[in-house]
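This report goes through the structure shown below, from backbone geometry to the sheet, the cores and the aromatic residues.

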Amino acid sequence: VTAFSVNAKGVENLAKASERVNAVFVHVSTDYVFDGSKEFFTEADVPSPLNVYGQSKLEGERLAAAASSKYYIIRTSAVFGIKTGKQKVNFVDRMISLAKDGKVLKVVNDQFSSPTYALDLASKIKELMEKPAPFGIYHITNSGKCSWYEFTQKIMELMRLSAKIESIDTASSGTKVKRPMNSILKNQALEDIGIPPTPAWDDALERYLKEKYNT
């Protein structure tokens with residue numbers, strides 16, 4: 001399976017190479033290693049992924065920890081940020097594009113996460129390494145939580161777009177991929193070592209839109 005080749009074996013190869021040159025290894029993982037059965041998840045919670053993507057990312061975590069003696073495994077969620085090249089646009093950009101095209105936005109209102117600005121994520125990883133923090137697993141997301149529907153509402157509000165947003169549940173979305181309904185990552189490990197919390201997700205979104213769309 002391609003997912004395991006990239007997210008597990010590929011990570012293991014990088015971790016081994018890092019170990020050979022005595023470098024610190026940083027691996028970015030996901031909230032999808034959890035099953036969504038709790039209100040939020042800390043670094044101490046036992047992962048239980050629901051889909052192949054989550055399973056492959058969890059295996060990557062395990063292989064990285066086994067191959068490297070100096071590692072930071074960073075779990076994050078719903079990342080958005082400036083992208084270049086031929087990469088797919090992120091959720092924020094896709095909703096804006098659809099709205100500008102006059103489309104009705106059908107968005108699930110029963111899946112909750114903490115949308116995270118890539119700039120804030122990178123800044124916290126840098127802060128973690130410069131401290132330096134003990135090696136191990138850390139959750140880094142913007143503060144707060146929302147559903148994808150609420151996230152879309154805020155995007156439209158900040159962009160001053162009057163798109164019609166239709167609230168749907170996961171069962172009506174047509175997806176065959178099982179996703180955690182509640183994948184809030186509590187940044188407990190950062191708090192424990194005295195690193196200040198990240199800004200709220202809506203603050204992060206507003207800064208992103210100003211940077212990219214000059215709102």
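Is Asn22 buried or exposed? Asn22 is exposed, since its relative accessible area is 54%, above the 50% cut-off for that class. The model is a predicted one.

## Backbone geometry

Asn22 sits in the loop that runs between α1 (2–20) and β1 (25–30). Its phi is positive, near 60°, although Asn22 is a residue other than glycine.

Arg160 also has a positive phi, of about 55°, and is not a glycine. This residue follows α5 and belongs to the loop between α5 and β9 (165–168). Arg160 counts as exposed because its relative accessibility is 70%. A cis peptide bond joins Lys131 to Pro132, with omega near -20°. Pro132 is in the loop between α4 (118–130) and β7 (136–139).

## The sheet and its helices

β1, β2 and β7 form an open sheet of three strands in the order β1-β2-β7, with parallel pairing. β1 and β7 are the edge strands, each pairing on one side only. On average, neighbouring strands are turned by 25° against each other, direction ignored.

Six bridges connect β1 with β2 (residues 71–76) in the parallel sense, and Thr30 stands opposite Thr76 in β2. Helix α2 (residues 52–67) packs on the sheet and touches β1, β2 and β7. The direction of α2 makes about 160° with that of β1. α4 also lies across β1, β2 and β7, and runs at about 155° to β2.

## Helix α5

Helix α5 covers residues 148–159. At 1.5 Å a residue its twelve residues should span 16 Å, and the end C-alpha atoms are 16 Å apart, so the two values agree. Buried residues of α5 are Trp148, Tyr149, Phe151, Thr152, Ile155, Met156, Leu158 and Met159.

## Nonpolar cores

The largest nonpolar core has 25 residues, of which Phe80, Val92, Val107, Phe151, Ile155, Leu205 and Leu209 touch the most other members. At least two residues each come from α3 (91–100), β4 (105–108), α5, β9 and α7 (201–213). The largest share, seven residues, is supplied by α5.

What is Val107 in contact with, leaving aside its neighbours within four places in sequence? The contacts of Val107 are Phe91, Met95, Trp148, Tyr149, Thr152, Ile165, Glu166, Ser167 and Ile168. Another core, of eleven residues, lies apart from the largest one. Ile125, Ala133, Tyr138 and Ala189 are among the residues of this other core.

## Aromatic pairs

Twelve aromatic pairs are found in a search of the whole structure. One of them is formed by Phe151 and Trp201: the pair is edge-to-face, with 5.7 Å centre to centre and 85° between the planes. Phe151 lies in helix α5 and Trp201 in helix α7, so the pair ties together parts that are 50 residues apart in sequence.

Both partners are below the 20% cut-off for buried residues. Phe151 counts as buried because its relative accessibility is 1%, and Trp201 because its relative accessible area is 10%. Ring pairs also link Phe151 and Trp201 into a cluster with Phe80, Phe91, Tyr117, Trp148 and Tyr208.

Methods
Residues are numbered from 1 along each chain as its sequence is written. This is a predicted model: local features need pLDDT of at least 70, side-chain atom pairs count only at pLDDT 80 or more; totals for chains, interfaces and linings use all residues. Side-chain values use heavy atoms; hydrogens and water are left out. Helices (H or I, at least four residues) and strands (E, at least two) are DSSP runs, numbered from the N terminus. The expected span of a helix is 1.5 Å times one less than its number of residues. Buried means under 20% relative accessible area, exposed over 50%, partly exposed in between (1.4 Å probe, protein chains only). A nonpolar core is a set of buried Ala, Val, Leu, Ile, Met, Phe, Trp, Tyr and Cys residues joined through side-chain atoms within 4.5 Å. Contact means heavy atoms within 4.5 Å. Two strands pair if DSSP finds at least two bridges between them. Axes are lines fitted to C-alpha atoms, for helices over the stretch in contact, and angles run from 0 to 180 degrees between N-to-C directions. Rings of Phe, Tyr and Trp (its six-membered ring) pair if their centres lie within 6.5 Å; planes under 30 degrees apart count as stacked, over 60 as edge-to-face and the rest as tilted.
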